[in-house]
Amino acid sequence: MLISTAYAQAAGGAEGGAAMLMQFLPLVLIVVVFYFLLFRPQQKRAKEHKALLEAVRRGDTVVTMSGLIGKVAKVQDGEVVLEVAEGVRVRILKGTISEVRAKGQPVGDDEK
């Protein structure tokens with residue numbers, strides 16, 4: 001009696017694979033939708049932000065993530081010296097720049 005029950009369960013093996021695939025199909029579709037709606041646009045935004053940070057140069061007017069607006073006075077490796085008022089300079093991390101408002105003409109090295 002045990003052998004006949006085991007044989008009967010194994011007989012539907014070809015249809016069982018298709019049924020298993022149909023169970024995983026909605027999960028696969030959810031992963032694909034998440035990729036195109038969430039992950040891909042986020043990667044695009046991160047790539048654009050990285051390009052924006054690499055293009056920051058002296059004389060640009062920028063806005064930081066904290067809302068500080070100023071003109072770039074000096075660009076170093078990972079830092080930017082930002083002039084927020086006349087004679088007031090603040091050192092910030094380059095990654096905290098959220099947008100470049102106006103591309104300015106870079107000031108010559110002899111002018112300060």
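User: How many residues lie between β2 and β3 in the hairpin?

Analyst: Three residues sit between β2 and β3 there. Strands here are DSSP runs of E with at least two residues, helices are runs of H or I with at least four, and the numbering starts at the N terminus. Two strands count as paired if DSSP finds at least two bridges between them.

User: What kind of model is this?

Analyst: This is a predicted model, where local features need pLDDT of at least 70, side-chain atom pairs count only at pLDDT 80 or more, and totals for chains, interfaces and linings use all residues. Numbering runs from 1 along each chain as its sequence is written, and side-chain values use heavy atoms, with hydrogens and water left out.

User: OK, what pattern does the protein chain follow along the sequence?

Analyst: The order is α-α-β-β-β-β-β, which comes to two helices and five strands.

User: And what order do the strands take in the sheet?

Analyst: The sheet is open, with the order β4-β3-β2-β1-β5 and antiparallel pairing. β4 and β5 (97–102) stand at the edges with a single partner strand each, so one side of each has no neighbour in the sheet. Neighbouring strands are turned by 45 degrees against each other on average, direction ignored. For that angle, axes are lines fitted to C-alpha atoms, for helices over the stretch in contact, and angles run from 0 to 180 degrees between N-to-C directions.

User: How many bridges join β3 to β4?

Analyst: Six bridges join β3 (residues 79–85) to β4 (residues 88–93), and the two run antiparallel. Val80 has Ile92 as its bridge partner in β4, while Glu79 has Leu93. Their hairpin has two residues between the strands, and Gly87 takes a positive phi near 85 degrees there.

User: Which residues make up the largest nonpolar core?

Analyst: There are eight: Leu53, Val56, Val62, Val72, Val80, Leu82, Ile92 and Ile97. A nonpolar core here is a set of buried Ala, Val, Leu, Ile, Met, Phe, Trp, Tyr and Cys residues joined through side-chain atoms within 4.5 Å. Buried means under 20% relative accessible area, exposed means over 50%, and partly exposed is in between (1.4 Å probe, protein chains only).

User: What does Val72 touch?

Analyst: Leaving out residues up to four places away in sequence, Val72 touches Val56, Arg57, Arg58, Gly59, Asp60, Val62, Val80, Val81 and Leu82. A contact means heavy atoms within 4.5 Å.

User: Switching to loops, where is Gly78 found?

Analyst: Gly78 is in the loop between β2 (69–75) and β3. Gly78 is partly exposed at 40% relative accessible area, and beyond four places in sequence it touches Ile92, Leu93 and Lys94. Its C-alpha atom is 8.8 Å from that of Ile92, 14 residues apart along the chain.

User: Is Ser66 buried or exposed?

Analyst: Ser66 is exposed, with 68% relative accessible area. Ser66 lies in the loop between β1 and β2, and its C-alpha atom is 8.9 Å from that of Ile97, 31 residues apart in sequence.

User: How many aromatic pairs does a search of the whole structure find?

Analyst: One. Tyr35 and Phe36 are edge-to-face, 5.2 Å centre to centre with 80 degrees between the planes. Rings of Phe, Tyr and Trp (its six-membered ring) pair if their centres lie within 6.5 Å; planes under 30 degrees apart are stacked, over 60 edge-to-face, and the rest tilted. Tyr35 is partly exposed at 37%, and Phe36 is partly exposed at 47%.

User: Last one: what does the accessible surface of the protein chain come to?

Analyst: About 8900 Å², of which 62% belongs to carbon and sulfur atoms. The areas come from the Shrake-Rupley method with a 1.4 Å probe, and for residues only the protein chains shown count as cover. Of the 112 residues in the protein chain, 15% are buried. Among contacts with a separation of 6 or more, 43% come from residues 24 or more positions apart.
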